[in-house]
Amino acid sequence: MEVWILLSLLVALLWAICNVLDKFVVSKLVSRLQIPIVMMGLISLISAAAVYFFHCFERLSWFHVLLAAAAGILSALFILCYFKAMQQ
């Protein structure tokens, strides 16, 4: 069997497991939806800082900084909608 077939099936399986775990966490363990969003944001900031310290970034223009900030805000809004849908 081709490797890409196995990888595509594995991705679908892991995505399904992640959705089931998200449903469990949102319905049983989380009382406010802002908590997991803030945690995900902090993990992203820590990851970005680790990448910066181990592999320095080039200097970014203000346009790219604003574009990255907009992408982060939109990502947080999409995750909020996802968790809101999971809660229902």
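This is a predicted model: local features need pLDDT of at least 70, side-chain atom pairs count only at pLDDT 80 or more; totals for chains, interfaces and linings use all residues.
Residues are numbered from 1 along each chain as its sequence is written, and side-chain values use heavy atoms, with hydrogens and water left out.

The chain contains three helices and zero strands, arranged along the sequence in the pattern α-α-α. These elements are DSSP runs numbered from the N terminus, with helices being H or I of at least four residues and strands being E of at least two. Among the elements, mean pLDDT is highest in helix H1 (residues 3-29), at 90, and lowest in helix H2 (residues 34-54), at 84.

The radius of gyration of the protein chain is 17 Å, while a compact globule of 88 residues would have a value near 12 Å. This radius is taken over C-alpha atoms, and the globule rule is 2.2 Å times the number of residues to the power 0.38. Along the principal axes, the C-alpha trace spans about 45 × 40 × 20 Å. Of the 88 residues, 9% are buried; buried means under 20% relative accessible area, exposed over 50%, and partly exposed in between, with a 1.4 Å probe and protein chains only. In helix H1 lies Leu6, which is partly exposed at a relative accessible area of 47%. The C-alpha atom of Leu6 is separated by 15 Å from that of Ala16, ten residues apart along the chain.

The largest nonpolar core comprises five residues, namely Val26, Leu33, Ile37, Phe83 and Met86. Such a core is a set of buried Ala, Val, Leu, Ile, Met, Phe, Trp, Tyr and Cys residues joined through side-chain atoms within 4.5 Å. Phe83 is buried, with 6% relative accessibility. Not counting residues up to four places away in sequence, Phe83 touches Asp22, Val26, Leu33, Pro36, Ile37 and Met40, where contact means heavy atoms within 4.5 Å.

One aromatic pair is present in the structure. The ring centres of Tyr82 and Phe83 are 5.7 Å apart and the planes stand at 45°, so the pair is tilted. Rings of Phe, Tyr and Trp (its six-membered ring) pair if their centres lie within 6.5 Å, with planes under 30 degrees apart counted as stacked, over 60 as edge-to-face and the rest as tilted. Tyr82 is partly exposed, at a relative accessible area of 31%.

A search of the whole structure finds zero disulfides (pairs of cysteine sulfur atoms within 2.5 Å). Cys18 is in no disulfide, and the nearest cysteine sulfur, that of Cys81, is 17 Å away. Cys18 is partly exposed at 39% relative accessibility, whereas Cys81 is exposed at 52%.

Conventions: pLDDT is the predictor's confidence in each residue, from 0 to 100.
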